Amino acid sequence: MYTLYFAPGTCALASHIALADSGLPYEVKRLNFAEGEQRSEAYLKINPKGRVPALVTDKGVLSETVAILAFIAQAAPLAKLAPLDDPFLFARMQAFNAYLSSTVHVAHAHGRRGTRWADEPSSHADMLRKVPQTMGECFRLIEDDFLAGPYVLGEQYSVADPYLFTIAGWLEGDKVDIAAFPRVQAHYERMKARPAVQKALAEEKAA
């Protein structure tokens, strides 16, 4: 049994969807960020970073979405959540996921977690104003160059797809119109119809 720690509205949704797709046994535990549960002594023993997701396995705890998604895909090979037999295509998937993690998520976080980078309120306001531009630029690149077909890798579904779905879901809050990216929007709607996505969303609501 795997245990995924999550908070609503975070990137942990990508790992949750992947688990729902995988067929692996799992449970989810919700952290209340408003009450600071992610910084509690109990949770910091699980993930000293104080962030989500964290996946508890029989070998230890994994953090970071890119690592967790690759682990789930490899732990459930029959689910075909990654091109495990094609090193180049697997690396392409990892490159896309790394871009979402290191660039797109960071652009989004500048609007909500500005205190990570600056102390002055004027700096926070400046970062917030910049978010629609930076997120728009990131998704223009995804739209024009990275989204290979109906799914991130083309015809083959992979764990990159729930990750893209999760972050695309932040665009409205970042004041970016997803309709400006028709291929991303079609991907988002396609993902919403998947049973694993609906299962994960329902479990997060119920947790």
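**View 1. The bridge between threonine 57 and glycine 60, in a predicted model.** Threonine 57 has glycine 60, a residue of strand E4, as its bridge partner, and this close-up, like those that follow, is taken from a predicted model. Strand E3 (residues 54–57) and strand E4 (residues 60–63) pair in the antiparallel sense, and four bridges link them. Together E3 and E4 form a hairpin, in which two residues lie between the strands.

**View 2. The pairing of strand E1 with strand E3.** Strand E3, which belongs to the hairpin with E4, also pairs with strand E1 (residues 2–6), again in the antiparallel sense and over three bridges. Within this pairing, leucine 4 has leucine 55 of E3 as its bridge partner.

View 3. Valine 28 is a residue of strand E2, which covers residues 26–30. Leucine 84 is 56 residues from valine 28 along the chain, and the C-alpha atoms of the two are separated by 26 Å.

**View 4. The crossing of helices H1 and H8.** Helix H1 (residues 12–22) and helix H8 (residues 195–206) have axes that come within 8 Å and cross at roughly 120 degrees, and the two helices are therefore oblique to each other. The crossing of H1 and H8 is right-handed.

**View 5. The packing of helices H5 and H7.** Helix H5 (residues 121–146) packs against helix H7 (residues 182–192) at an angle of about 85 degrees, with the axes 8 Å apart, and H5 and H7 are therefore roughly perpendicular to each other. On the H5 side the contact is made by Phe139, Ile142 and Glu143, which meet Pro182, Arg183 and Val184 in H7. The contact of H5 with H7 holds four nonpolar and two charged residues, with no polar residue.

Technical notes: Residues numbered from 1 in each chain as written. Predicted model: local features only at pLDDT ≥ 70, side-chain atom pairs only at ≥ 80, totals over all residues. Heavy atoms only, no water. Axes fitted to C-alpha atoms, helices over the stretch in contact; angles between N-to-C directions. Parallel < 35°, antiparallel > 145°, perpendicular 65-115°, else oblique. Contact = heavy atoms within 4.5 Å. Nonpolar A, V, L, I, M, F, W, Y, C, P; charged D, E, K, R; others polar. Left-handed = near helix turned anticlockwise from the far one by under 90°. Pairing = 2+ DSSP bridges.
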